[in-house]
Amino acid sequence: MCGIVGYVGSRKDVVPVIIEGLRRLEYRGYDSAGIAVGGNGDCLQLRRAPGKLRRLEEVLRDNPIAGTYGIGHTRWATHGRPTEENAHPHRDCTGRIVVVHNGIVENYLALKHELSAQGHKFATETDTEIIAHLVEQQLSVAAQSGKQLSLEDAVRRAVRRLTGAFAISVLSADEPDKIVAARNGPPAIVGVGQDEYFVASDVPGILHHTRDLYFLADGDMAVLTRNGVTLTDFDGHPIQRPLQHILWDPIQAEKGGYKHFMLKEIFEQPRAILDTTLGRISLDTGKVFLAEMKIPDETFRHARNIHIAACGTSWHAATAGKFMIERLARIPAEVDYASEFRYRDPILDQRTVGLLITQSGETADTLAAQREMIAKGSPTVAVCNVVGSMITREAHGTIYTHAGPEIGVASTKAFTAQLVALFLFAVHLAQVRGALAADDSRALLTELNLLPGKVEEILRTCDSECDPLARTYSNARDFLFLGRGIHYPIALEGALKLKEISYIHAEGYPAGEMKHGPNALIDETLPVVVLATKDDSNRDSVLRYEKTLSNIQEVTARSGKVIAVATQGDQHIGQLVEHVLFVPPAPELLQPVLDVIPLQLLAYHIAVRRGCDVDQPRNLAKSVTVE
């Protein structure tokens, strides 16, 4: 959630490196910012400000600082209000140690009482300040016994006293040109450049400087100096981590002429779908190849069920994936919110395959669900967008979505890439289990190959059509989204996108449940978005469509305003509703990829009309790295 950027080196001015890195992490969400630098005199210089990064830049213009090493932070408040004094970095009593922190120290009150009793004075309401004082305490205790403790050893002793989740970076004025970073939960990466080294909480923060990264695991500590990087565990034992080369183009993380990152990422979906499919299918044989999965086919043949866990938008993809897996592979699939998964003692064993879905690979609840699965003997597969992330390192196999960096908090291209990855997984599973004939597989993969072109067509037509709809409905207080079958999770996703970025209350609902309560909400002020697409070659799809038309008539009979997403060539639906957004035809299991595009565009245009911060909606963070 919070953003961290640090730099040690002699090639660059440290302040612009850190500020630019923090700017590239703004999408994570934050309410204050700060920076500490050293190397220009015998002290650490701090500047902090509440609010957006521009406030910190104003402070730096009025009171400039310079140095050769430093750390910066964008804070998401968990303990203490978003004020200047609560902004990171935080200092110890001497002012010679500073800390930035992403996460939550759960035992901070007990530690604060203990340290206060020893004479430590606290200046803030935060849990992070505790860490600076713990490091100070360890150095003081060693000095009193006549020993000289290094900063990394003091940090090592301090973190062993912390309960909770944390990624920290620490500086000391007494050990210049050194950053000590440690991870236990939230992500932390170390970048290796030419005679310069970086630490960050996410890849975009340092991608303009280096693509060679170490992804720290839980219990890892990194010491960065001008001479290089040393990796150890919390006990001081040397460890090895692979140096990963990231292929993302830094230019991909720029807006590229679009008004917002979200709009850019909506329009990048044809490429994201193509890249997620590329090299994984053979239209000649109808086979799916998932090289990174590395789980023996025998495991899938003997599996009794698939258990899926995810959060937010990824949960909607997971729910659509359940339909794909059960329809094609004929194996039961269950979907859980990862945040609830551990608390019901799920029934798992070696014949349950765990499937975890996360864009970042660092979502705390999803990681916890994966560890629960592994502890109970289940092999796990991760569907993830970030190479080298924690969830991919702990999974038995991975299906990477090649969506590229997604900066907007509201996920768009990562979601459609997840749907495609889940479809590939379902086809692969069906092939391994002998549940899908070669001709049927070949036909499905041929249709999958056509998706990028169909999405491009929707983007060409629906973008301009959604703007006048936004003018009509941007002042609505509530929205209802309806879908049946595999389209129900897409209705949920449409509602989530609208509420995330426009702050309009929106609810997704199974269309067949209208009579069980939601009909009471319908009046002339309620816009109702109905997913009414159909696959004419699929009998169940046609039946679902006919029942959905009945639901539309229930809404219009009560004066509700209907916006329908329908299949091109549907001559009937336009007679029933006020507005129709058409999408090309596709097989039932692939239709969700097309259905969601108009819903993303509608949410975007409504939010823009309402003057909302589309890329950084209030109170939300891109990656939820604490529970």
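Modeller: Let's start with handedness: a crossing is left-handed if the near helix is turned anticlockwise from the far one by less than a right angle, and right-handed if clockwise. Helices here are DSSP runs of H or I with at least four residues, strands are E runs of at least two, and both are numbered from the N terminus. This is a predicted model, in which local features need pLDDT of at least 70 and side-chain atom pairs count only at pLDDT 80 or more, while totals for chains, interfaces and linings use all residues. Residues are numbered from 1 along each chain as its sequence is written, and side-chain values use heavy atoms, with hydrogens and water left out.

Now find helix α14 (residues 438-473) and helix α17 (residues 591-609): their axes come within 8 Å and cross at roughly 30°. Each axis is a line fitted to C-alpha atoms over the stretch in contact, and the angle, from 0 to 180 degrees, is taken between N-to-C directions. The crossing of α14 and α17 is right-handed.

Which residues do the touching? Contact means heavy atoms within 4.5 Å. On the α14 side, the residues that meet α17 include Leu451, Val455, Ile458, Leu459, Cys462 and Leu469. Among their partners in α17 are Val593, Leu594, Ile597, Leu601, Leu602 and Ile606. By class, this contact has 15 nonpolar, one polar and five charged residues. In that count, Ala, Val, Leu, Ile, Met, Phe, Trp, Tyr, Cys and Pro are nonpolar, Asp, Glu, Lys and Arg are charged, and the others, Gly among them, are polar.

In the largest nonpolar core, which has 92 residues, Phe479 joins Ile325 and Phe423 as the residues that touch the most other members. A nonpolar core is a set of buried Ala, Val, Leu, Ile, Met, Phe, Trp, Tyr and Cys residues joined through side-chain atoms within 4.5 Å. Buried means under 20% relative accessible area, exposed means over 50%, and partly exposed lies in between (1.4 Å probe, protein chains only). Helix α13 (residues 413-432) gives this core its largest share, 13 residues.

His316, in helix α9 (residues 312-329), is buried at 7% relative accessible area. Its side chain makes a polar contact of 2.8 Å with the side chain of Glu493. A polar contact is a pair of N or O atoms within 3.5 Å; within protein, one must be able to donate a hydrogen and the other to accept it, and residues adjacent in sequence count only if both atoms are side-chain atoms. Beyond its neighbours within four places in sequence, His316 also touches Phe415, Pro489, Leu492 and Leu496.

Arg544 is buried at 7% relative accessibility, and its side chain has a polar contact of 3.1 Å with the side chain of Glu588. Not counting residues up to four places away in sequence, Arg544 is also in contact with Arg484, Gly485, His487, Leu531, Thr533 and Lys534.

To finish, look at a second, separate core of 41 residues, which includes Ile65, Met373, Cys384 and Met390. Cys384 sits in strand β18 (residues 380-384) and is buried, with a relative accessible area of 1%. Setting aside residues up to four places away in sequence, Cys384 touches Thr358, Gln359, Ser389, Ile391, Ile399 and Tyr400, among others. From Cys384 to Asp523 is 139 residues in sequence and 41 Å in space, C-alpha to C-alpha.
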